[in-house]
Number of protein chains: 2
Amino acid sequence: MTGIGDDSAVLAIPEGHQALVTTDFSLEGVHFRREWHPPDSVGHRCLARGFSDIAAMGGTPITAFLSLALPQNLPQKWVDGFMRGLFTLAEKFGVSLAGGDTAESPAGVLADIIVLGSVPKGKAVLRSGARPGDRIYVTGALGGSAAIVKLLLDEKRRRRIRPRDFPQHFYPIPRLEVGRFLRENNLASAMIDISDGLSTDLAHICEENGVGAEILEQLIPKALIGRPAPKVDLRLAMHGGEDYELLFTAAQRKRIPSRIAGIAITEIGEIKRTKNIMMINQHGMQSELRPEGWEHFNIR
Amino acid sequence: MTGIGDDSAVLAIPEGHQALVTTDFSLEGVHFRREWHPPDSVGHRCLARGFSDIAAMGGTPITAFLSLALPQNLPQKWVDGFMRGLFTLAEKFGVSLAGGDTAESPAGVLADIIVLGSVPKGKAVLRSGARPGDRIYVTGALGGSAAIVKLLLDEKRRRRIRPRDFPQHFYPIPRLEVGRFLRENNLASAMIDISDGLSTDLAHICEENGVGAEILEQLIPKALIGRPAPKVDLRLAMHGGEDYELLFTAAQRKRIPSRIAGIAITEIGEIKRTKNIMMINQHGMQSELRPEGWEHFNIR
């Protein structure tokens, strides 16, 4: 069921708009660990995944639905923390929770977030639309979330981690304003959110358009994490997932601001006709960038 | 993610319509058992739950999304069967699957079905709207699904059960045409689907409206199951869940057909001003009908 007090939620999509729908699982042991993630971080990240998908379409979230299955022995305090994290992020973007489903879980906390958004008719920014010669951009900096998972995997260092000091992993902010700005100003030819890592998500864009890309290694913006804040390894910036930044392409003639809504926008390369993705290092050496995928707790 | 090849699905809601959204978990060990339910039955029932919620609003399903988490060792054949069951029901109602999410499951098959539907603006049939004096109706017959769960719980009898002979439990048909007919002809004052059992779902309607009800015991349509087809016990018809029939109320002056889209419609009682729900048996004896809830594999 969905809809607080009805079988379905009843919602208005603004006149002249299309609906956007996205759904994302957050499963204990797969996407988060209760020993690692405070409950409000789990709630926050659960909704951030959905918002990030709406951001990547240039859309505006209208409302969210939560299907939540809980193990019988879960303390109510955990659930309260989870809901607080989710609601705090929802409020930040003026979104309400319109319903969902609840069940007893056979194993661990199981959440599925559904976000309903809207976009003016025909204006959604798709993954298709990138053309050879288009420039490739990313928002923010990459590899921060994966670098923090790497710290979490180290038992000794984990104990010293305060989640609030590592927002890239525990409280990522989806780039809704950036996505909307790009769509409103008709700047992006294609867009995707970087949830599986730059190498994988860029490969998705290239496959979708039957093109390749050339990336300049030294242009990739590497995240700074913790205090003092060292830059993350290039490997993590290239392959690490769950940064929830945006990757987009734009025709060469478009002027892309260097910051949008306070977020740095970095040009990292160019779409090419030949179908492979090449990395060029500072010495001009080329190597092929292969998508490595992203398994949440399996940092290589 | 959602949207085959994009971060979100982009969908048109017909002009002058509102969107309906519903989400329902189907979790192994909670809502189904792999030893009991063939994979196509699990897929069918998963989508039927969502369709039934849309039916209860008088809506039309547009598209469905599936979040599906699978254990690593699950045979591909099981997944194929699941998808076949889901697609067969989807096609029956002209609905496409627009995307979803996939993940590895930490334990068992975990599915969350999201159905997006539509209804002309302001015309959704809500749970609120029932008034004292309104007649209470149900579609089809009740208790069939619970009676079959009771058979499944009996190890010896379970082995002889052929799922196709017991469609009420394994392949229930959501009452979409009935719901739409009632809405188009402005017949129902309130509606809900009977997923938790008559006693519980009628209590939801009564609570929502601050009213009570009087039910005539001998009018409750009891399901016939198997061959030869004995009628199910009154207890199961009153309290058994997952029949996915509709319960609705209508003003006394409305003429309700005895069949809609081939489905029997039965008047079983009346909405009352006093807040309890009374059952009256064939001897005119009254007793209070208390909602018993419905736990999927816990038949009392």
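# Exercises: salt bridges and a chain contact

The structure holds 26 salt bridges over all chains. The model is predicted. Work through each task before reading its solution.

**Exercise 1. Is A:Asp40 buried or exposed? Is A:Arg164 buried or exposed?**

Solution. 
- Step 1: Recall the cut-offs. Buried means under 20% relative accessible area, and exposed means over 50%.
- Step 2: Take A:Asp40. Its relative accessibility is 13%, so A:Asp40 is buried.
- Step 3: Take A:Arg164. Its relative accessibility is 57%, so A:Arg164 is exposed.

**Exercise 2. Which parts of chain B does the pair B:Glu245 and B:Arg175 link?**

Solution. 
- Step 1: Check the pair. The side chains of B:Glu245 and B:Arg175 meet in a salt bridge of 2.9 Å, N to O.
- Step 2: Place the residues. B:Glu245 belongs to strand E9 (residues 245-250) of chain B. B:Arg175 belongs to the loop between helix H5 (167-170) and helix H6 (176-184) of chain B.
- Step 3: Read the separation. These distant parts of the chain are 70 residues apart.

**Exercise 3. How do B:Lys272 and B:Glu270 count by relative accessibility?**

Solution. 
- Step 1: Check the pair. B:Lys272 forms a salt bridge with B:Glu270, the closest N and O atoms being 3.6 Å apart.
- Step 2: Take B:Lys272. At 25%, B:Lys272 is partly exposed.
- Step 3: Take B:Glu270. At 23%, B:Glu270 is partly exposed too.
- Step 4: Turn to chain A. There, salt bridges with shared partners join A:Arg135, A:Glu267, A:Glu270 and A:Lys272 into one network.

**Exercise 4. How many residues does each chain give to the contact between chain B and chain A, and what area is buried?**

Solution. 
- Step 1: Count residues. Chain B gives 50 residues and chain A gives 50 residues.
- Step 2: Give the area. About 3900 Å² is buried, and carbon and sulfur atoms give 57% of that area.
- Step 3: B:Asp7, B:Val21 and B:Phe25 supply 17% of the area that chain B buries against chain A, more than any other three residues.
- Step 4: Count the links. There are two salt bridges between the chains. A:Asp7 forms a salt bridge with B:Arg127, with closest N and O atoms 3.3 Å apart. The chains also have 16 residue pairs in polar contact.

**Exercise 5. Which element gives the most residues to the side of chain B that touches chain A?**

Solution. 
- Step 1: Pick the top one. E2(B) gives the most, with nine residues.
- Step 2: Sort the residues on that side of chain B. They divide into 27 nonpolar, nine polar and 14 charged.
- Step 3: Look at the strand pairing. Strand E1 (residues 9-11) of chain A pairs with E2(B) in the antiparallel sense over three bridges. A:Leu11 has B:Ala19 as its bridge partner in E2(B).

Key:
Residues are numbered from 1 along each chain as its sequence is written. Chains are lettered from A and ligands numbered from 1 in the order in which they are written. This is a predicted model: local features need pLDDT of at least 70, side-chain atom pairs count only at pLDDT 80 or more; totals for chains, interfaces and linings use all residues. Side-chain values use heavy atoms; hydrogens and water are left out. Contact means heavy atoms within 4.5 Å. Buried area is the accessible area (1.4 Å probe) that two parts lose on being put together, summed over both. A salt bridge is a side-chain nitrogen of Lys or Arg within 4 Å of a carboxyl oxygen of Asp or Glu. A polar contact is a pair of N or O atoms within 3.5 Å; within protein, one must be able to donate a hydrogen and the other to accept it, and residues adjacent in sequence count only if both atoms are side-chain atoms. Helices (H or I, at least four residues) and strands (E, at least two) are DSSP runs, numbered from the N terminus. Ala, Val, Leu, Ile, Met, Phe, Trp, Tyr, Cys and Pro count as nonpolar, Asp, Glu, Lys and Arg as charged, and the others, Gly among them, as polar. Two strands pair if DSSP finds at least two bridges between them. Buried means under 20% relative accessible area, exposed over 50%, partly exposed in between (1.4 Å probe, protein chains only).
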